[in-house]
Amino acid sequence: MVKHQPLQVYERQLCLSCITGIYGCRWKRYQRSHDDTTKWELLWSLILLFTFCLLLVWFYFWWEAHNDYNEFNWFLYNRSGEWSDGTVPILATTAAGFTYIAFLMVLALCHIALGQQLNLHWLHKIGVTAALLTTIVGVISVNQTWGQEWDVIPVSLQATGPFLHIGALAAVTALSWIVAGQVARSEKTLFQVVVVLLYLSVLLGLYVVPLYITSPCIMDPATLKQRPDVIGHQGAPMLAPENTLWSFQRALQMNVTGLEADVAISVDGVPFLMHDRTLQRTTDVEKVFPDRQTDNASRFNWTDLQQLNAGRWFLKDDPFWTVHTLSPHEKDLIANQSVCSLEQLLKLASYHNSTVVFRLRRPPVEHPCHHSWINDTLQAVHQSGVPQSLVMWTPDEDRALVRQLAPGLLQTSVEKRSPQSLNQRGISRLLLRYNQASTREIGDFSQNNINLTLYTINEPWLYSVLWCSGVSSVSSEAPHVLSKVPYPIWLMGPHKYFLMWVSADLISFAVVIGIFILQKYRMSGMRSYNPEQIMLSAAVRRSSRDLNVMKEKLIFSEVRNGVGSAEELYGDNGYDYYTNQGISQ
């Protein structure tokens, strides 16, 4: 008869049970295994890793795209005809998916660190597949409808790159504990060499990444240029309805140096401020003129336009989630706003000595002012009495005529051209989207006396990057936010950055070496303490299914013989922590 005697008293391992239970629904000790992970499960581990990396980029993209959420919502409005904040469901699903996948990644790393076999539960496999497919569909959709926004990633890396490098270095350094444990635990030389070389390649790559990190904020603080001027894009549309007098007045209260607007021309030749092609979104045209709500805005005469309310929609839709911050008096002012004419805007700018830049939209071919639109706009400029030196003229059509009739206007282009080409055309100012000009190009424009204005800048980090780049002015929907940025968010001299980079690399290298030495010492101590485990690990392995069947048979056999419960008998290594006490005949 064979007698079995436990070598140690069983202790519940709640943490391990939770890790293996949540990841693979292996809550019982006999369900767990130290066998090598199957190729099928390794494939799912790679899919999980790829999904995590893709979601990380997707999450970072939407985090940094916060500067352009209003632009994205406007694109959606042009497609659907209804205004809504489309970023809310995207952010909610992205945050939920990233949290879920990151949690599974942590559990997988815990399995590896503890030497447990990876076995992702089928429900999690469905969840990972759903997250992967959803993200891929999202990436394709953004690429087709908002492709220019991908440029926000390289632009934002100029602000976040040095700090993301430190974070990545810390994460990879922390992973050395798991890598060193795997190398010390393994008895296969080839596996050890491959893992170490792969890990060191990633680590050394991170050590030299700063050689390729470029940021205008890594500069001598003494060479920092003056603070860029801020132009109120459509006034202050986060605090008041866009393109209304109250919106421009609110922007002037934030000490902006200029105002930017979108201009259309009515049937009777009056230039007025309107961003959209129709009046549906920003007026109550569906109530006043229900039969004409889908008509082009330029189809209305000025008398009809003055009957429309241009403020209540702002209180109703709350496009920037700011209505709750407004006082009752401000809400009353907003509720009584009407469509603003270009002449009214120019008079306001003249009174405050502020620059005005407007985008003039040419009326349709059948419009009575299709051919006279330039003259109609110039007439409004003359009637307002604004000094011509305060008006930035953007239309490329008939520039020669405009120079003859109004030689004092600031000739401005909205198309990117070389500084030499702009000088030849007599253009002294350039208005571009922020992703259309690199740091080098900003310097070239400045050296050739081209005043560059970039739009739309709403986030302090982006304003700081452009400030360090030397841009002269920016157009913003959030002048109240940028007014609170008296200095770049961060500015670091090249020598300080070099010191930070080298110090981080040296600390990381020392920590990694220490962890590898500690893990080797730790594993060698465990092996000398339990030599039976070495013999067992060298034995011929059975499949996990066969091993579990054998365990279950032995469990029920011992229970029937009255030896004790299975949980009292078996240790966590799958080999029962038992030894033969002796054999009696």
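These legends accompany several close-up views of a predicted model.

**Overview. The protein has 23 helices and eleven strands.** Helices (DSSP H or I, at least four residues) and strands (E, at least two) are DSSP runs, numbered from the N terminus. Of the 585 residues, 48% count as buried, where buried means under 20% relative accessible area, exposed over 50% and partly exposed in between (1.4 Å probe, protein chains only). Among contacts with a separation of 6 or more, 66% are between residues 24 or more positions apart; a contact means heavy atoms within 4.5 Å. Because the model is predicted, local features need pLDDT of at least 70 and side-chain atom pairs count only at pLDDT 80 or more, while totals for chains, interfaces and linings use all residues. Residues are numbered from 1 along each chain as its sequence is written, and side-chain values use heavy atoms, with hydrogens and water left out.

**View 1. Helices H6 and H7 pack together at an angle of about 170°.** H6 spans residues 152-185 and H7 spans residues 189-208, and their axes lie 10 Å apart. Axes here are lines fitted to C-alpha atoms, for helices over the stretch in contact, and angles run from 0 to 180 degrees between N-to-C directions. H6 and H7 are therefore roughly antiparallel (under 35 degrees counts as roughly parallel, over 145 as roughly antiparallel, 65 to 115 as roughly perpendicular and the rest as oblique). Look for Leu 169, Val 172 and Val 179 among the H6 residues of the contact, and for Phe 191, Val 195 and Tyr 199 among those of H7. The contact residues divide into 14 nonpolar, five polar and no charged. In this grouping, Ala, Val, Leu, Ile, Met, Phe, Trp, Tyr, Cys and Pro are nonpolar, Asp, Glu, Lys and Arg are charged, and the others, Gly among them, are polar.

**View 2. Helices H3 and H4 meet at an angle of about 115°.** The axes of H3 (residues 69-80) and H4 (residues 87-114) are 10 Å apart. Tyr 69, Phe 72 and Asn 73 of H3 make the contact with Thr 87, Ile 90 and Leu 91 of H4. Four of these residues are nonpolar, two are polar and none is charged.

**View 3. Helix H17 has a buried side and exposed residues on the other.** Glu 441, Ile 442 and Phe 445 are the buried residues of H17 (residues 439-447). They cover an arc of only 105° around the axis, so they sit on the same side of H17; the arc is that of the directions from the helix axis to the C-beta atoms. On the other side of H17, Arg 440 and Gln 447 are exposed. Helix H16 (419-424), strand S8 (429-433), strand S9 (451-455) and helix H18 (460-469) pack against the buried residues of H17. Just after H17, you will find Asn 449 with a positive phi of about 60°.

**View 4. His 480 sits in helix H19 (residues 479-482).** His 480 has a relative accessible area of 17%, so this residue is buried. Leaving aside neighbours within four places in sequence, His 480 is in contact with Met 238, Leu 239 and Met 254.

**View 5. Cys 15 and Cys 18 form no disulfide.** A disulfide is a pair of cysteine sulfur atoms within 2.5 Å. The sulfur of Cys 15 is 6.8 Å from that of Cys 18, its closest cysteine sulfur, which is too far for a bond. Cys 15 is exposed at 56% relative accessible area, whereas Cys 18 is partly exposed at 30%.
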